[in-house]
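Welcome! Open your viewer, show the chain as a cartoon, and follow along step by step.

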Amino acid sequence: SLRVNLDMGKAAYGWMIMKDDNIPGTVVRTSTIPEELGRLVYLLTDKTGTLTQNEMIFKRLHLGTVSYGTDTMDEIQSHIINSYSQVHSQNSGNSTSSTPSRKPQSSAPKVRKSVSSRIHEAVKAIALCHNVTPVYESRAGVSGETEYAEVDQDFSDENRTYQASSPDEVTLVQWTESVGLTLVNRDLTSMQLKTPGGHILTYYILQIFPFTSESKRMGIIVRDESSGEITFYMKGADVAMSTIVQYNDWLEEECGNMAREGLRTLVVAKKSLTEEQYQDFESRYNQAKLSIHDRNLKVAAVVESLEREMELLCLTGVEDQLQADVRPTLEMLRNAGIKIWMLTGDKLETATCIAKSSHLVSRTQDIHIFRPVTTRGEAHLELNAFRRKHDCALVISGDSLEVCLKYYEHEFVELACQCPAVVCCRCSPTQKAHIVKLLQHHTGKRTCAIGDGGNDVSMIQAADCGIGIEGKEGKQASLAADFSITQFKHIGRLLMVHGRNSYKRSAALGQFVMHRGLIISTMQAVFSSVFYFASVPLYQGFLMVGYATIYTMFPVFSLVLDQDVKPEMALLYPELYKDLTKGRSLSFKTFLIWVLISIYQGGILMYGALLLFESEFVHVVAISFTALILTELLMVALTIRTWHWLMVVAEFLSLGCYVASLAFLNEYFGIGRVSFGAFLDVAFITTVTFLWKVSAITVVSCLPLYILKYLKRKFSPPSYSKLTS
């Protein structure tokens, strides 16, 4: 009965969550753990797409000596228009000359390029080095016309959309379009750009090296159709690119500056190749791709031979805006006693900046940035320095974390758990899952992981409760998770209202079902012991089955509709959630209290029936069973905190069912039909003595509990009752 009731209860909670209009689009994918939402202590969240919208806005282009922001993009546009108009006027005059912005091969002495030509190169690199495909929606929209669509498309701007695996790339290509250089077509072997003057430039794609989370960069080798020049473009994270580009004095500093503004940075570089250099590379590359052993290593080694002394073109910064209501939600979760850890693959500065702007770390709090450590000694020193600080947030990089966990796992986790907030940056997906398992192992507390991309799946599956957000990165996370939501702000209501209610209701329901089973067992034990331990069943057949089903099922199950405070209150006072993590709703103490109640009531009902009805002993079954049903219905009423109309219906329905069944189940209400030949005497039931005696037994079994409950609420009221009064 307990198993069945709880499973039905869980299904009901899931249905309520999915039907809640305040959190539309929420899907419950596991019907077994809605109560876990009610007692979380650690929330581990991803940054991009979870706390932020994953909608990028191009903010900054830095060329080393000059930096362009959103208000100076028109300058870039005018430079691009000028440089391309020069190119075309020269090309029409002398078809053999190449573009003026191209310098001769690197043998020539280095001349300081003009700003205009540097912008030209940078924008062209951004427009060519990517994995974006422009897609045209045909206006006709008829499937039959798709073959001709290519012909009439004329690459008009209105119906062009870009598709790529990462939103960063789309933003960069949209930006080059806004300054005049538009990507109009792309297939496997070539790309076409449209200049501000409307000319189409074609580039052949010779090789493409896709972005991986290990290399943190992508490269492409293209050949210009008009001049035949071969160029290797590359863009990637500053960590990966700083060793590849030629020596400069500004890249690291500017990356830091942009990261502190919360921008995501990409470094763009290029290298011109001669025909011989490219042919040599291609033969080595194809050779490496054919090798049977260590293919990936050999291929990577060949590509790395190109990645040397590249010319640094520019640094781009895009902004990822925070999702709606992230700040109040994080604030609410913090007040509810939930410790929030942000695990992200971003740079330390960007992660710190987002942690501050999202109020993950409150303005007044100190932040301890864990210095990069590589050896045991360094880790020891750094941990000691951190131990001396009180109540400060911790920011640590993935590599340092690895070192600390290797040598000082226990000490590190102990210190980190005392922090109000922890930010781990440059985390790999496996590291994220490892951190979740560490917290579970060391603290024994409930963890919840929330993310939106494929890289968060391992963390979501490792946590006690996984929540996925359907975002720009597809549905991998939301399909792997236990609960799927559409926005981060919905997590507040999911935990504070639904999680809290599910936990409190299940605790009440579970204990009540145990009480219902124990009380009838106590009565049977008392009955048998009175009759010299004879193995005579007190209730047989249908009464036994009906007791747990038709007579008491509805009122007991209606406890899943019970709530102690209104949802608005639960959201306004997240501190109520903190009480649940102590686990006081369902503990050995509460269980033993229910056991004592069951024994007390079972004993009273049986002894009362035997004492009061000594003369009509034949009717002991009818009497005790009637008192038992009434007691159960009253106990449900005692347990309920907020009445719902369905609860009242359930109480009266059960009572009605019982009274109706008295008429046609007469042969069950005797003891041992064979020995006594007793049957239910309708005349006896309707007498006043029967009614007052049953009422007396019921009152004795229930009244003391009502009085005790009243006194308890008077002298030590639970925290929620202070809000409801």
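Colour the domains first: the C-alpha centres of domain 2 and domain 3 lie 73 Å apart. Keep in mind that you are looking at a predicted model. For the selections, the domain assignment gives 27-51 + 323-485 as domain 1, 56-74 + 116-134 + 156-319 as domain 2, and 495-722 as domain 3.

Now zoom out to see the whole chain. Its C-alpha atoms fill a box of roughly 125 × 70 × 55 Å along the principal axes. In the cartoon you can look for 28 helices and 20 strands. The radius of gyration is 36 Å, well over the 27 Å that the globule rule gives for 725 residues, so the chain is more spread out than a compact globule. Even so, 51% of the 725 residues count as buried.

Next, select the open sheet. Nine strands build it, in the order β1-β20-β19-β18-β2-β14-β17-β16-β15, with mixed pairing. Which strands are at the edges? They are β1 (27-28) and β15 (366-369), and each pairs on one side only.

For a last stop, click Ser397 and look across to Cys425 in β17, which stands opposite.

Note on methods
Residues numbered from 1 in each chain as written. Predicted model: local features only at pLDDT ≥ 70, side-chain atom pairs only at ≥ 80, totals over all residues. Heavy atoms only, no water. Pairing = 2+ DSSP bridges. Helix = DSSP H or I, 4+ residues; strand = E, 2+ residues; numbered from the N terminus. Domains from an automatic or database assignment. Rg over C-alpha atoms; globule rule 2.2 N^0.38 Å. Buried < 20%, exposed > 50% of the residue type's maximum accessible area, 1.4 Å probe, protein only.
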